[in-house]
Amino acid sequence: MADYQLVCFAQSGNAYRAALMLNLIGADWEPKWVDFFVAGVQRTPEFRGDVNEMGEVPVLIDNERNKKLTQSGVILTYLSDLTGQFKPDGEDARLEALRWIIFDNQKVNGFLGPFRFLRNFVKPAGDPAVMAFLKARIDGNLAIVNRRLAASPFLLGDKPTIADISMTGYLYYPADEFGFDIAKEHRAIGAWLERIKALPGWKHPYEVMPGYPLGSKPAA
Ligand SMILES: N[C@@H](CCC(=O)N[C@@H](CS)C(=O)NCC(=O)O)C(=O)O
């Protein structure tokens with residue numbers, strides 16, 4: 001059995017953060033696919049009882065240490081503490097990373113995820129007023145991240161940390177899934193995405209997690 005298992009599916013930017021981290025640190029890991037869209041496994045009592053009471057992916061299983069962790073920010077923190085990789089340098093940086101991870105979870109990928117979900121994966125698609133609300137929030141918050149990344153190569157300075165890995169969430173998914181091109185509209189974010197992409201072990205979300213294209217049935 002692999003050292004780690006990650007409960008995930010290809011379309012999840014929240015899970016991508018953890019999958020990318022595992023790849024970048026060179027971990028021995030394997031994905032455990034969740035049938036999120038058709039069976040809605042995350043809503044079942046079994047999933048909520050045995051896997052994650054919050055009904056969410058990602059879930060990281062550390063087989064060696066017999067641990068199960070959820071919330072991508074917690075998973076990233078755990079793996080960086082364990083390996084020293086992508087770990088913010090010192091207490092101030094640790095808090096600064098946490099600040100960006102929370103901002104990302106709530107306001108950047110926290111809005112991008114539902115926007116993309118309502119646009120691509122539900123019928124009928126999201127109500128136009130809801131979509132307009134989310135889009136305005138997304139534009140404003142991406143501009144904040146863009147301003148930050150125009151001033152330094154990575155969110156916390158010269159080196160990539162877990163704050164950057166968290167922020168990648170949905171940002172590598174195809175532009176047509178959003179109806180706008182994040183990398184082109186926010187040039188500093190586009191350049192930063194290329195810098196992350198150049199790190200050894202980087203893979204696209206549709207390559208690193210199972211279940212793409214939608215409807216394909218990977219082993220669970
Ligand atoms: N803040 C969480 C968000 C996790 C999350 O919302 N995951 C989605 C999949 S992309 C999910 O499982 N949603 C199920 C639901 O909200 O019912 C994290 O970063 O781990």
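A polar contact is a pair of N or O atoms within 3.5 Å; within protein, one must be able to donate a hydrogen and the other to accept it, and residues adjacent in sequence count only if both atoms are side-chain atoms. Here, an N or O atom in the side chain of Ser 72 lies 2.6 Å from an oxygen atom of the ligand. The protein buries 75% of the 520 Å² that the ligand exposes when taken alone (accessible areas by the Shrake-Rupley method, 1.4 Å probe).

This is a predicted model, where local features need pLDDT of at least 70, side-chain atom pairs count only at pLDDT 80 or more, and totals for chains, interfaces and linings use all residues. Residues are numbered from 1 along each chain as its sequence is written, and side-chain values use heavy atoms, leaving out hydrogens and water.

**Around the ligand**

- Residues surrounding the ligand (a heavy atom within 4 Å) include Ser 12, Phe 36, Gln 71 and Tyr 170.
- The side chain of Arg 17 has an N or O atom 3.0 Å from an oxygen atom of the ligand.
- A nitrogen atom of the ligand is 3.4 Å from a polar side-chain atom of Asn 14.

**A hairpin to look for**

- Strands E3 (residues 59–62) and E4 (residues 67–70) run antiparallel and are joined by four bridges; strands are DSSP runs of E, at least two residues, numbered from the N terminus, and two strands pair if DSSP finds at least two bridges between them.
- Leu 60 has Leu 69 in E4 as its bridge partner.
- Four residues separate E3 and E4 in this hairpin, and Asn 66 in the turn has a positive phi of about 55°.
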